[in-house]
Amino acid sequence: MTCQNNIYTIYGMWAIYEHGRVARSLQAAPIEVLKRYEKWKDIVIISGPQGLIKIKGLKDEALSGKWKGYRSSRLNIQYRVIYKVKGDKVLVQVEDVTPHDYRRK
């Protein structure tokens, strides 16, 4: 795995791009959320978004309204990771990790 400018490249698997605000959001998050986010990334890297859908505890779902085209996974009862799949096998763009605040910034 290599990391350059917040783009994680995994050869033969999914890549994750984290928006700049993700690091700031995670600084304010509880340690439990940080650990769950790392596990979330592991699932995406290995299985892609399809792996997230199979894990019921993440409650992965498509968003609507202003967030149409994005998906959300539950990290705990309050925090969600908002992401978008770019292409069918290439890139998962993490837009934000938020305490269940879906307002566009």
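In the predicted model, V97 is in contact, beyond its neighbours within four places in sequence, with V22, S25, L26, V33, Y37, L75, Y79, R80 and V81. As a general background, nonpolar side chains in soluble globular proteins tend to be buried together.

The overall architecture comprises three helices and seven strands. Along the sequence, these elements follow the pattern β-β-β-α-α-α-β-β-β-β. The protein chain has 105 residues, of which 41% are buried. Its accessible surface amounts to about 6500 Å², and carbon and sulfur atoms account for 53% of that area. Of the contacts between residues at least 6 apart in sequence, 43% join residues at least 24 apart.

Helix α1 spans residues 20-28, and its buried residues are R21, V22, S25 and L26. These residues lie on the same side of α1 because they cover an arc of only 140° around the axis. The face turned away from the buried side of α1 carries the exposed residues R24, Q27 and A28. Among the buried residues of α1, V22, S25 and L26 are in contact with V97. R21, another buried residue of this helix, can be related to T98, which is located in strand β7. The C-alpha atoms of T98 and R21 are separated by 10.0 Å, although the two residues are 77 residues apart along the chain. T98 is itself buried, with a relative accessible area of 1%, a value under the 20% limit for burial.

Aromatic residues form a further set of features, with a count of three aromatic pairs in the model. The rings of Y37 and W40 form a stacked pair, because their centres are 5.9 Å apart and their planes meet at 10°. Both residues belong to helix α2, where they are three residues apart, or about one turn of the helix. Y37 and W40 are both buried. Together with Y83, these two residues form one aromatic cluster. W67 and Y70 make up an aromatic pair of the edge-to-face kind, with a distance of 4.9 Å centre to centre and an angle of 90° between the planes. W67 is buried, at a relative accessible area of 6%, and Y70 is buried at 9%.

The pairing of strands was examined for β4, β5 and β6. Strand β4 is joined to β5 by two bridges, and these strands run antiparallel. In this pairing, A62 stands opposite R71 of β5. Strand β5 (residues 71-74) also pairs with strand β6 (residues 80-86) in the antiparallel sense, over four bridges.

A local backbone feature occurs at K59, which has a positive phi of about 45° although it is not a glycine. K59 is placed in the loop between α3 (49-54) and β4 (61-62). With a relative accessibility of 47%, K59 counts as partly exposed, since this class lies between the limits of 20% for buried and 50% for exposed residues.

Terms used. Residues numbered from 1 in each chain as written. Predicted model: local features only at pLDDT ≥ 70, side-chain atom pairs only at ≥ 80, totals over all residues. Heavy atoms only, no water. Buried < 20%, exposed > 50% of the residue type's maximum accessible area, 1.4 Å probe, protein only. Arc of directions from axis to C-beta. Pairing = 2+ DSSP bridges. Contact = heavy atoms within 4.5 Å. Areas by Shrake-Rupley, 256 points an atom, 1.4 Å probe, with all protein chains shown as cover. Phe/Tyr/Trp six-rings, centres within 6.5 Å; stacked < 30°, edge-to-face > 60°.
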